[in-house]
Amino acid sequence: MLDTLRLTAEDADRLLREKEVSSAELFAAYRDAIDQRDDELHAFLHVCDDPGGEGLPLAVKDVIGTKGIPTTAGSKILESYVPVYDATVVAKAKARGLKVLGKTNTDEFAMGSSTENSAFGPSRNPWDPSRVPGGSGGGSAAAVSGGLAPWALGSDTGGSIKQPAALCGQVGLRPTYGTVSRYGVVAFASSLDQVGPVAKTVRDCAWLYSVISGRDANDSTTVDVPEVELPSSEDLKGVRIGVPKEMNDADGIEPGVRDAVRRAVDVAAGLGAAVAECSLPRSVDYGVACYYLIAPAEASANLARYDGVRYGLREDGDDFRAMVMRTRDAGFGDEPKRRIMLGAYALSAGYYEAYYGTAQKVRTVIKREHEELFERFDVLVSPTSPTVAFPIGAKADDPLAMYMNDVLTIPSCMAGLPGLNIPCGLSEGLPVGLQLIGPQLGENTLFRTAHALERALAFDFVPERLR
Amino acid sequence: MSAVAWEAVIGLEIHVQLKTETKMFCRCRNGFGSGPNTQTCPVCLAFPGALPVPNRRAIEQTIKLGLALDCEIADRAVFHRKNYFYPDNPKAYQISQYDEPLCRNGRLVVPTPDGDRAVGITRAHLEEDAAKNVHVAASGRIHGATATLVDFNRCGTPLVEIVTEPDIRDAETAKRFLQLLRQTVVELGLSDAELEKGSMRFDVNVSVRPAGSDELRTRTELKNMNSFNLAAKGIDREIARQVRVYEEGGVVEQETLHFDPAHEESPPMRSKEEAQDYRYFPEPDLVPVEPPHELVERLRTEVGELPGARVRRIAETLSFYDADVLVTGGLDRLWSAVVDGGADPKEAANVLANQFVAAGVDPAAVDARELAKLVAARAEIPRAAFDEALAKSGEPGFSAEPYLAEKVVADTAALDPVIEGVLAANPSQVEQYRGGKHGLLGFFVGQVMKETQGSADPRVVNERVRALLG
């Protein structure tokens with residue numbers, strides 16, 4: 001009997017190669033786990049049958065297009081949509097033998113930090129089902145954490161991979177902007193969206209990143225990616241770690257979270273890292289405000305294609321305009337509507353310069369502030385989320401409180417930089433996430449640092465109540 | 001008579017469909033003639049997750065046009081999203097260029113019989129075309145339609161938009177500008193620029209002001225004109241209307257005049273211009289276009305002598321009118337070759353601009369040396385044989401020799417007896433002619449041509465008839 005809760009992708013791959021288990025048995029084991037636990041967790045919106053072939057199963061966030069498999073983006077407006085093509089990341093995964101296990105739950109169009117904005121109901125945190133798994137990629141993090149998938153693909157715009165990984169005690173990478181193709185991924189905010197892996201270990205995470213990354217002729221914003229090195233080193237000699245004070249002492253960081261992160265930083269120093277305090281004042285002060293102008297502005301255009309003409313939901317109307325308005329009113333939930341309005345307003349004639357234009361300038365400042373720090377440091381660290389997983393419903397009626405969940409993940413996203421979450425301890429019995437931020441294309445450094453810390457911290461990624 | 005003299009202020013906005021193999025942002029074929037929605041893919045249908053990838057060839061062609069229009073080529077051009085909902089616009093935004101176009105600050109010098117007119121080019125930029133809406137109803141118009149069908153084959157095909165400064169002062173110059181621009185685009189191999197097929201479309205902005213003033217008054221926009229003559233007529237009519245409005249103390253309102261190409265004579269439909277906020281912002285799915293210096297210089301070498309310059313050069317030999325017709329008709333290169341082959345310049349121009357065009361032969365397919373022989377012997381070849389020769393002049397291996405053998409009879413010793421026979425058979429007409437009715441000359445010539453079955457040289461016949469009657 002396979003223990004899918006504990007089995008890493010690397011372990012599973014070894015079992016397959018040593019013929020201790022067949023691909024079909026492996027796929028079936030995860031299907032069984034889904035049958036057992038997903039009624040409670042609701043990590044999946046759609047579960048697939050074994051397509052055959054040799055390879056590991058992979059859970060895929062439902063904003064990532066899968067040929068012949070429904071892709072709803074957590075929205076009613078795409079409830080009936082079945083893509084005719086695979087996203088590049090899915091095609092790459094399939095080319096390496098990976099098999100789509102199912103589509104994981106997400107806040108509608110990846111807009112949210114708890115999956116409570118999913119049109120199909122929230123997912124639940126495997127550590128405590130009364131709490132959220134984070135978002136928007138809560139389904140992927142809950143699936144990996146709950147042993148329903150060996151690993152998963154997520155997408156991250158302002159923290160949607162890192163924050164759920166933190167709240168569920170998993171490893172999640174938001175890669176450098178441009179290293180992973182966005183082709184076939186339902187767009188939220190094009191200049192910020194990145195696909196990345198969620199896994200149980202740093203090595204699994206690095207491996208999946210090596211599968212999906214690389215320049216793509218179908219995405220003009222992709223770049224050549226340095227060869228991915230699977231980390232093995234267990235010390236941190238020569239690694240310079242910066243601790244931005246604003247991101248480690250910000251208001252709203254729970255004491256338990258702060259303590260766990262401090263302990264992890266001490267462990268890093270003990271492994272030979274050179275640790276020093278530093279500062280990212282403007283990134284933290286203006287990051288969220290700036291993000292909530294740029295991301296909704298892009299979203300207002302990206303979501304405009306859902307007009308009922310070619311696919312998805314259509315509500316009839318007397319003329320084109322009426323049809324489009326009724327379709328969008330019925331198809332979108334509150335959060336996409338809120339962001340479409342915000343974004344359209346920020347781009348309007350007379351307001352563009354004050355809002356969108358200014359936000360773009362601030363974004364440049366945030367980038368520069370990070371670049372300067374990376375002249376002195378290899379990695380920056382902070383908590384990923386200011387809090388541990390919160391109860392379902394606790395922030396559902398307070399969009400601003402919800403937006404502040406991402407205060408620590410947003411700045412590096414705005415700067416296009418890679419960020420990795422690893423679990424670093426527990427607070428009130430719930431996982432605390434440590435965020436490691438690297439320079440452009442600094443994934444290998446992040447993997448190396450995170451791997452050494454992961455070994456030293458020896459965090460048990462299986463939720464206590466399921467052990 | 002008006003108290004003040006008025007002058008028109010005219011600006012043009014031209015769209016040209018580029019003749020690339022594939023569409024602007026996807027790999028679908030760019031071309032006409034396939035069934036509805038067969039040339040489509042996730043990108044041009046705006047499926048979720050689809051991303052645009054710019055067509056390199058289209059960018060190069062736009063730069064080439066920019067160079068031909070004497071524009072500055074941007075070191076960095078940016079695509080923007082222009083947001084609006086319409087069924088032919090599947091993303092609900094059009095990818096276009098806004099404040100950082102590929103080409104700007106150019107000019108096209110338009111030769112006219114009264115000298116050159118320089119027309120400033122504000123910008124030339126690249127964008128994608130929309131799909132085609134078909135309104136399903138008896139009339140085919142929006143009004144009363146019960147449904148709209150959309151054919152996305154054209155959606156996402158590359159389109160260049162050229163915007164002029166309001167430098168044009170009369171309809172005739174506007175027409176010449178458009179003809180010259182069309183010829184430039186065709187010669188550069190950018191587009192077929194066929195007005196009937198919509199691969200070249202243009203809008204005209206017209207306003208008037210007291211002559212000599214530099215104010216810019218309210219303009220009206222003329223849309224959907226599919227011929228240069230219709231445009232000239234429309235402009236003249238609109239100028240006259242605006243002048244009348246001002247002279248009667250009225251105010252010209254900003255509006256759009258939609259012409260119906262199927263009903264040229266009917267007055268255009270008018271609509272108020274709705275101020276629309278397109279919420280332009282830089283397209284985040286694309287990186288800025290930064291054309292390398294070497295590329296721009298290579299493209300510059302591919303731009304040959306431009307039509308305007310050729311009109312001026314040829315007008316030194318021929319009349320301005322002939323030069324203009326030859327160049328804008330795409331005939332001047334053949335003309336030069338025919339003249340080099342020994343034909344008389346004026347004669348060659350006449351033949352090319354009239355009989356040759358009527359024969360519908362592709363100038364590029366013609367062997368100019370053979371055509372030169374034909375043109376040089378034109379007077380000596382019967383009309384019917386000459387026309388036949390022209391019609392076949394584009395065929396591979398065409399030779400003028402068989403037609404040259406059919407030379408007309410110009411020998412007076414052979415013609416005089418025939419003429420004398422015709423005069424003898426028509427004594428009363430001879431009497432009238434000698435009494436001063438010289439219009440009858442044609443009658444006698446006609447009779448002689450008939451007798452000789454068209455093989456006589458009409459000039460010689462003319463001369464001899466006159467001599468023998470005199």
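The model is predicted: local features need pLDDT of at least 70, and side-chain atom pairs count only at pLDDT 80 or more, while totals for chains, interfaces and linings use all residues. Residues are numbered from 1 along each chain as its sequence is written, and chains are lettered from A and ligands numbered from 1 in the order in which they are written.

Chain A contains 15 helices and 11 strands. Helices (H or I, at least four residues) and strands (E, at least two) are DSSP runs, numbered from the N terminus. Along its principal axes, the C-alpha trace of chain A spans about 70 × 55 × 45 Å. Of the 467 residues of chain A, 59% count as buried. A residue is buried if 20 or more other C-beta atoms lie within 10 Å of its own, exposed if 12 or fewer, and partly exposed in between, with C-beta atoms placed from the backbone. Two residues are in contact if their C-beta atoms, placed from the backbone, lie within 7 Å. Among contacts in chain A between residues at least 6 apart in sequence, 76% join residues at least 24 apart.

The contact between the chains draws 36 residues from chain A and 25 residues from chain B. On the side of chain A that touches chain B, helix 9 (281-302), helix 10 (320-331) and helix 11 (334-347) of chain A each supply at least two residues. The largest share, three residues, comes from helix 9 of chain A. By class, this side of chain A has 22 nonpolar, eight polar and six charged residues. Here Ala, Val, Leu, Ile, Met, Phe, Trp, Tyr, Cys and Pro count as nonpolar, Asp, Glu, Lys and Arg as charged, and the others, Gly among them, as polar.

In chain B, an open sheet of three strands has the order 4-3-14, with antiparallel pairing. Two strands pair if DSSP finds at least two bridges between them. Strand 4 (93-97) and strand 14 (281-282) of chain B are the edge strands, each pairing on one side only. Strand 3 of chain B is joined to strand 4 of chain B by five bridges, and the two run antiparallel; B:R81 has B:I95 in strand 4 as its bridge partner. Strand 3 (residues 79-83) of chain B also pairs with strand 14 of chain B in the antiparallel sense, over two bridges, and there the bridge partner of B:H80 is B:P282. Five of the five residues of strand 3 of chain B are buried, so this strand is largely enclosed by the rest of the structure. In a regular strand the side chains alternate between the two faces of the sheet. Both faces of strand 3 of chain B are covered, with B:F79, B:R81 and B:N83 buried on one side and B:H80 and B:K82 buried on the other.

Helix 10 (residues 383-391) of chain B has B:F386, B:A389 and B:L390 as buried residues. Seen down the helix axis, the buried residues of helix 10 of chain B fall within an arc of 100°, so they line one face of the helix; the arc is that of the directions from the helix axis to the C-beta atoms. Their cover includes helix 8 (345-359), helix 9 (368-376) and helix 11 (401-404) of chain B.

Several backbone features were also identified. The peptide bond from A:G135 to A:S136 is cis, with omega near 5°, and A:S136 is found in the loop between strand 3 (99-104) and helix 4 (138-145) of chain A. A:A110, which is not a glycine, has a positive phi of about 65°. A:A110 lies in the loop between strand 3 and helix 4 of chain A and counts as buried, with 30 C-beta neighbours inside 10 Å. In chain B, B:D70 has a positive phi of about 60° although it is not a glycine. B:D70 is placed in the loop between helix 1 (56-68) and strand 2 (72-73) of chain B and is partly exposed, with 16 other C-beta atoms within 10 Å.
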